[in-house]
Amino acid sequence: MDIQLKRGLLDVCVLAAIRSCDSYGYKIIKDMKPYIELSESTLYTILKRLEAANMLTVRTAEHDGRLRKYYHITEGGIRRIADFKEDWKEILSIYRFVTREDDDNE
Amino acid sequence: MNKQEFLEKLKEGLAGLPQPDVDERVSFYGEMIDDKVEDGLSEQEAISEIGTVESVISGVLSDIPLGALVKKKIKTKRKLYAWEIVLIILGAPVWLPLLIAAAAVIFSLYVSLWAVIVSLWAASFAVGITGVALIVPAAIHFSKQNILSAVAVIGMAICAVGVSLFMIFGCAMASKGVLLLTKKVTVGIKKMLVRKEKSDEKVD
């Protein structure tokens, strides 16, 4: 996939991965894996950016005798996903326009 | 390499960044390795999935703007003594032109590199345009019933267009190469900044 396009999608994907319940780094990557590949360093950058934009909060909790960071989606994050869905409607209509002639030819 | 060694090396490589930032990144990768191990991987496998320390450090540094690293480096230096300030000002006629000259040399090298690329592109397009433009003499020959000449000109035109297409592919690859080189050099400079600071700290 185009790098620019992927970059824009990753933020929303990470938010979607923590939407239903709080999650941690490794689980986020694992949950996203069937849909989109994400490296650890990319995830770190995205989490930092989303935290700075108040779209998620971080808490540290003990797990199995060690510390683990859990990420929790905020109102802002939920709104970001809603915006993405709205944008996507527009993108879908553009997609239909772009592929219009392909369908006619088939 | 085990987890401890991996994290130690990562810490060393990032030593020039602000301390809380380094700690946070190191604990992030530590947690990642622990979680992978908990999921059934061996420590070795977990680390090799993350990649080499070098690649992680390069990734981190390419995310941070060069300006921020330089600013941080200047900030962490101790305050200058009065005599050092005097020396810097008095020495300005010597070091300032040298600095400007050095910067100019580096800049001109970079510009000339791109100039080569631009001229390659221009040459490729020129050959292509020549090929297309040869249609005109071909048409003239044709109208004068000089069929053989017309065919010869058309042949040349096709050759020129073909060569031009071939050259354009080469140009695209060369441009990509220079871009990649730019990125590598930038990461290299960042690494130098980070490393140098580390040795400064050791002196202190």
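This is a predicted model: local features need pLDDT of at least 70, side-chain atom pairs count only at pLDDT 80 or more; totals for chains, interfaces and linings use all residues.
Residues are numbered from 1 along each chain as its sequence is written, while chains are lettered from A and ligands numbered from 1 in the order in which they are written.

**View 1. Overall make-up of chain A.** Chain A holds four helices and two strands. Helices (H or I, at least four residues) and strands (E, at least two) are DSSP runs, numbered from the N terminus. Along the sequence, the pattern is α-α-α-β-β-α. Of the 106 residues in chain A, 18% are buried. Buried here means that 20 or more other C-beta atoms lie within 10 Å of the residue's own, with C-beta atoms placed from the backbone. Among contacts in chain A with a separation of 6 or more, 51% join residues 24 or more positions apart. Two residues are in contact if their C-beta atoms, placed from the backbone, lie within 7 Å.

View 2. Strand β1 (residues 56-63) and strand β2 (residues 66-73) of chain A run antiparallel and are joined by eight bridges. Strands pair if DSSP finds at least two bridges between them. T60(A) has K69(A) of β2(A) as its bridge partner. Two residues lie between the strands of this hairpin, where D64(A) takes a positive phi near 55 degrees.

**View 3. Helices α1 and α2 of chain B.** The axes of α1 (residues 3-13) and α2 (residues 19-38) of chain B come within 10 Å and cross at roughly 155 degrees. That crossing makes α1(B) roughly antiparallel to α2(B), a term for angles over 145 degrees. Axes are lines fitted to C-alpha atoms, for helices over the stretch in contact, and angles run from 0 to 180 degrees between N-to-C directions. From α1(B), the contact uses K3(B), L7(B), L10(B) and K11(B); from α2(B), it uses V22(B), V26(B), Y29(B), G30(B) and I33(B). By class, this contact has six nonpolar, one polar and two charged residues. Ala, Val, Leu, Ile, Met, Phe, Trp, Tyr, Cys and Pro count as nonpolar, Asp, Glu, Lys and Arg as charged, and the others, Gly among them, as polar.

**View 4. Where chain B touches chain A.** The contact takes 13 residues from chain B and 10 residues from chain A. On the chain B side, α2 and α4 (53-63) each supply at least two residues. Helix α2(B) gives the most, with eight residues. The chain B side divides into six nonpolar, one polar and six charged residues.

Key:
Angles under 35 degrees count as roughly parallel, over 145 as roughly antiparallel, 65 to 115 as roughly perpendicular and the rest as oblique. A residue is buried if 20 or more other C-beta atoms lie within 10 Å of its own, exposed if 12 or fewer, and partly exposed in between; C-beta atoms are placed from the backbone.
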